[in-house]
Amino acid sequence: MEDKKRLLDIINILDSDKKIIDVGTDHGLVPLYLAKNKISSDITATDISKPSLQKLVDRLDDELKMIIKTKVTDGFKGLKSEPNQVAIIAGMGANTIIEIIEGSLDFAKNLDYMVLASNVNTYELRHFLNEKGFFIEKDFLSYENRKYYDILKVFYGKKQTLTFEEHYYGLTDIENRSDLLKEKLAIDKKKNQGFLEEIKKKSQDEMAIKKISDRLLAIRKVEERCEFVN
């Protein structure tokens, strides 16, 4: 797991002795790590794909089978809500995460918390969570294999109003003025400035111009707030 920075970042914000659901587990690296390191003794690993889930099943010895249960299902469907239960939803885009939560909203609300990891459209995910009454406790970047991932720890039932820029970038990184955030801002700024120039030259698509301009405004607000501006 040493080379799996994103997965370790997810594991490190989990509390011990929770009943853990790993949605979209695929090879089951997280459940295996949690079980072998005695972080949880009650793990449910799910995947919509039976062949994918079988990769984990094939690695379970008798002892691990006492700790890790597996289920072929879509998101939380068919799972029983229990006390002291948390969920991990990682390895997929924000839109898929939203679909999973929205498809079993009452179940998600009853969890102690969820750890969510996405590298696409996290703006939409933050907006959705805020709108549905979930509180974002932690929200930070992880970097692995030349990709940036947003990792969020969220729970239901505490009111929160994100600022304009916090919909685009994680509040934990903003508060901590993280170096990883500074790197990501520089990349996003250059990329979006290029997009804006191209669109203005070729199409004058007003919706696209507004979307990119909003992103650039968020970048500027974070730079100013974190004092990243040279």
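**Basis.** I am working with a predicted model, where local features need pLDDT of at least 70, side-chain atom pairs count only at pLDDT 80 or more, and totals for chains, interfaces and linings use all residues. Residues are numbered from 1 along each chain as its sequence is written, and side-chain values use heavy atoms, with hydrogens and water left out.

**Whole chain.** I looked up the secondary structure and found ten helices and seven strands in the protein chain. Helices (H or I, at least four residues) and strands (E, at least two) are DSSP runs, numbered from the N terminus. The C-alpha atoms fill a box of roughly 60 × 35 × 35 Å along the principal axes.

Buried means under 20% relative accessible area, exposed over 50%, and partly exposed in between (1.4 Å probe, protein chains only). Of the contacts with a separation of 6 or more, 68% are between residues 24 or more positions apart; contact means heavy atoms within 4.5 Å.

**Charges.** I found 39 positive and 40 negative side chains, and the centres of the two sets lie 2 Å apart. Lys and Arg count as positive and Asp and Glu as negative, without His and the chain ends. The place of a charge is NZ of Lys, CZ of Arg, CG of Asp or CD of Glu.

**Cores.** Which residues touch the most other members of the largest nonpolar core? They are Phe76, Ile89, Ile101, Met114, Leu116 and Leu129, out of 27 residues. A nonpolar core is a set of buried Ala, Val, Leu, Ile, Met, Phe, Trp, Tyr and Cys residues joined through side-chain atoms within 4.5 Å. Elements giving two or more residues to this core include β4 (85-89), β5 (113-118) and α7 (122-131). Helix α5 gives the most, with five residues.

I followed isoleucine 101 further. Leaving aside neighbours within four places in sequence, isoleucine 101 is in contact with Ile89, Ala108, Met114, Leu116, Phe128, Leu129 and Phe134. Another core, of 26 residues, lies apart from the largest one, and Ile10, Ala35, Leu56 and Phe140 are among its members.

**Helix α2.** In residues 29-36 I found Val30, Pro31, Leu32, Leu34 and Ala35 buried. Lysine 38 follows α2 and has a positive phi, near 55°.

**Positive phi in loops.** Aspartate 26 is not a glycine, yet its phi is positive, about 55°. I placed aspartate 26 in the loop between β1 and α2, and it is partly exposed at 28%. Arginine 146, also not a glycine, has a positive phi of about 65°. Arginine 146 sits in the loop between β6 and β7 and is exposed at 75% relative accessibility.

**Two threonines.** Is threonine 172 buried or exposed? It is buried, with a relative accessible area of 16%, and lies in helix α8 (residues 171-176). Apart from neighbours within four places in sequence, threonine 172 is in contact with Glu137, Lys138, Asp139 and Phe140.

Threonine 96 is in helix α5 (residues 94-103) and counts as partly exposed because its relative accessibility is 35%. Its C-alpha atom is 9.5 Å from that of serine 118, 22 residues away along the chain.
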